[in-house]
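Colleague: I'm new to reading models like this one. Could you walk me through it, one question at a time?

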Amino acid sequence: MSLTSLVPLIGIADVVIGLSLGSRLFLIAVGLSLIFGVLGVLNFAHGGFYMLGAYVTLAVVSNVVDNFWIAVVVGALAVGVVGAAIEFSAIRRLYNRVDSDLDQLIVTFGFVLVIHEAVRFIWGSGSYSIDPPDVFNFSVTLGGSTFNAYRLVVIGLAVGVLVALWLFITRTYFGSLVRGTSSDREMAAMLGVDVPRLYTGVFFLGSVLAGLGGALSAPLQATSPALGDQVIIDAFIVVVIGGLGSMSGAFVGAMLIGMMQSLGPQFISAGSIAIPFLAMVIVLLIRPEGLFGGIGE
């Protein structure tokens, strides 16, 4: 099959869908990467935070206020509070243990189960969905392809979050504390930085980003207790490809994976789910540290 015969298979809608998938992946992956880069914690519960953000958004829209954007903010902040509470009550006690990495994995995986069962208890095992906000709930036709305008909003918000995070980490006093603490926690503590409180703040921020990703995904996919299971796997692939602790790496990796998930079935109908894993293996073989690296990059 020639290249010219392959090109027509790719429509603008496929690209937009891929970028919107990548945008949602970026929001969860950048929070995961930020938490690992500063705290050194690989948070398995991050997928649960993503799912919880979607459920809280649905609950607020359905039962409290009929305003999607207010619900998104409430959902993201609520997940941030849950994340901060988990860090304060459980993860903080593990930092100084000899086998802290294994303990952190076990504890965060335990919270995955807790969050899933709590969601099933409150909302049941069924699937829920909502429409995009009315102002963006219309179709856009471009180049013969049609897609929902809300997907463009999600892409724009992801880019906005990337820029805001970069400015926050590189241009603010709190950001300088984050970068300094990620480099040398003991020295930061000797200089008077309240490291435990800083860690809780970073965990809150990472959890808010995961909740925001889940909240924005609610109009684009069915919300069910299984929502976080696949996305956490994809998020780990993204941070490995982009480089642990790298914001720009999380963005590039997320967009790559999103495009692979959107366009992969066009070319490989069977086994397309393995394409992101193959990309991760290739990156690890060529650049074991990932494409990028370091807090603030």
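Colleague: How do the residues lining the second largest pocket divide by class?
Modeller: This is a predicted model, where local features need pLDDT of at least 70, side-chain atom pairs count only at pLDDT 80 or more, and totals for chains, interfaces and linings use all residues. Residues are numbered from 1 along each chain as its sequence is written, and side-chain values use heavy atoms, leaving out hydrogens and water. For the classes, Ala, Val, Leu, Ile, Met, Phe, Trp, Tyr, Cys and Pro count as nonpolar, Asp, Glu, Lys and Arg as charged, and the others, Gly among them, as polar. The lining of the second largest pocket includes Val61, Asp66 and Asn67, and by class it has five nonpolar, one polar and three charged residues.

Colleague: What volume does the largest pocket have?
Modeller: On a 1 Å grid over the protein atoms alone, a pocket is an open set of points where a 1.4 Å probe fits, with protein on both sides within 12 Å along at least five of seven lines; lining residues have an atom within 4 Å of a point. Points are joined across faces, edges and corners, and the volume is the space filled by probe spheres set on them. The second largest pocket comes to about 200 Å³, while the largest pocket has a volume of about 380 Å³.

Colleague: Which elements give two or more residues to the lining of that largest pocket?
Modeller: The lining has 19 residues, with Leu21, Gln221, Gln230, Asp234 and Gln261 nearest the pocket's centre. Helices here are DSSP runs (H or I, at least four residues), numbered from the N terminus. The elements you want are α2 (12-39), α10 (227-242), α11 (247-267) and α12 (275-286).

Colleague: Why does glutamine 104 count as buried?
Modeller: Glutamine 104 belongs to helix α5 (residues 100-123). Leaving aside neighbours within four places in sequence, glutamine 104 is in contact with Gly40, Val41, Leu94 and Tyr95. Glutamine 104 counts as buried because its relative accessible area is 4%.

Colleague: How far is the C-alpha atom of glycine 80 from that of glycine 201?
Modeller: Glycine 80 is in helix α4, and it touches Phe204, Ser207 and Val208, again skipping residues up to four places away in sequence. Glycine 80 and glycine 201 are 121 residues apart along the chain, yet their C-alpha atoms are separated by 9.3 Å.

Colleague: Which residues touch the most other members of the largest nonpolar core?
Modeller: A nonpolar core is a set of buried Ala, Val, Leu, Ile, Met, Phe, Trp, Tyr and Cys residues joined through side-chain atoms within 4.5 Å. The largest such core has 77 residues. The ones touching the most other members are Phe26, Leu39 and Phe49.

Colleague: Which helix has the lowest mean pLDDT?
Modeller: pLDDT is the predictor's confidence in each residue, from 0 to 100, and the protein chain averages 87. Over residues 1-8 pLDDT stays under 50. Where pLDDT is low, the predicted coordinates should not be read in detail. Helix α4 (residues 68-89) has the highest mean, 96, and the lowest, 47, belongs to helix α1.

Terms used:
Buried means under 20% relative accessible area, exposed over 50%, partly exposed in between (1.4 Å probe, protein chains only). Contact means heavy atoms within 4.5 Å.
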